[in-house]
Amino acid sequence: MLTVQSGGGGLSGMAADDRDYTSLRVMNISEDTKEADLQELFERFGRIFRIYLAKDRETHQSRGFAFINFFARDDAQRAIDKLDGHGYVA
């Protein structure tokens, strides 16, 4: 089951302008998940600014979490409402 929640502030290392976008933290992601999988799952809720999928440096597999940045807060909230607790297999 995915856990999708507001990510709060911007990611460390992001430019000041980037922090204006609404960030969601997505957890419980399968190690087989790719950025394209997340793009496909979340883009139906609105325009996405950036996807950051945390990957293991050696295996390049998902570390189980990602950040999705939406341009609009309402789009991010719809994604939370629909996908939190959603079963998803990449």
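Strands S3 (residues 48-55) and S4 run antiparallel and are joined by six bridges; strands here are DSSP runs of E with at least two residues, helices are DSSP runs of H or I with at least four, and both are numbered from the N terminus. Two strands count as paired if DSSP finds at least two bridges between them. The model is a predicted one, in which local features need pLDDT of at least 70 and side-chain atom pairs count only at pLDDT 80 or more, whereas totals for chains, interfaces and linings use all residues. Residues are numbered from 1 along each chain as its sequence is written, and side-chain values use heavy atoms, with hydrogens and water left out.

With a relative accessibility of 56%, His60 counts as exposed; the scale used here calls a residue buried under 20% relative accessible area, exposed over 50% and partly exposed in between, with a 1.4 Å probe and protein chains only.

Strand S4 (residues 62-70) also has a pairing with S2. Strand S2 (residues 22-27) and S4 are antiparallel over six bridges, and in this pairing Thr22 is found opposite Phe70. Strand S4 is mostly covered, seven of its nine residues being buried. As background, side chains in a regular strand alternate between the two faces of the sheet.

The loop between S2 and H1 comes next. Asn28 is located there, and its phi is near 65°, a positive value in a residue other than glycine. Thr33 is placed in that loop between S2 and H1 as well. Thr33 counts as buried because its relative accessibility is 3%. The side chain of Thr33 reaches the backbone oxygen of Ser30 at 3.0 Å.

In H1, the buried residues are Asp37, Leu38, Leu41 and Phe42. Seen down the axis of H1, these residues fall within an arc of 115°, so they line one face of the helix; the arc is that of the directions from the helix axis to the C-beta atoms. Ala36 and Glu40 are exposed on the other side of H1. In H2, the buried residues are Asp75, Ala76, Ala79, Ile80 and Leu83. They cover an arc of only 140° around the axis, which puts them on the same side of H2. The face of H2 turned away from this buried side carries the exposed residues Arg73, Asp74, Asp81 and Lys82. Just after H2, Gly85 adopts a positive phi of about 85°.

Apart from its neighbours within four places in sequence, Phe42 is in contact with Val4, Leu24, Val26, Ile48, Ile68, Phe70, Ala79 and Leu83, where contact means heavy atoms within 4.5 Å.

Finally, the structure holds three aromatic pairs. One of them is formed by Phe49 and Phe71 and is edge-to-face, at 5.5 Å centre to centre and 80° between the planes. This pair links distant parts of the chain, with Phe49 in strand S3 and Phe71 in the loop between S4 and H2, 22 residues apart. Rings of Phe, Tyr and Trp (its six-membered ring) pair if their centres lie within 6.5 Å, and planes under 30 degrees apart count as stacked, over 60 as edge-to-face and the rest as tilted. Phe49 is partly exposed, with a relative accessible area of 28%, and Phe71 counts as partly exposed at 33% relative accessibility.

Key: A polar contact is a pair of N or O atoms within 3.5 Å; within protein, one must be able to donate a hydrogen and the other to accept it, and residues adjacent in sequence count only if both atoms are side-chain atoms.
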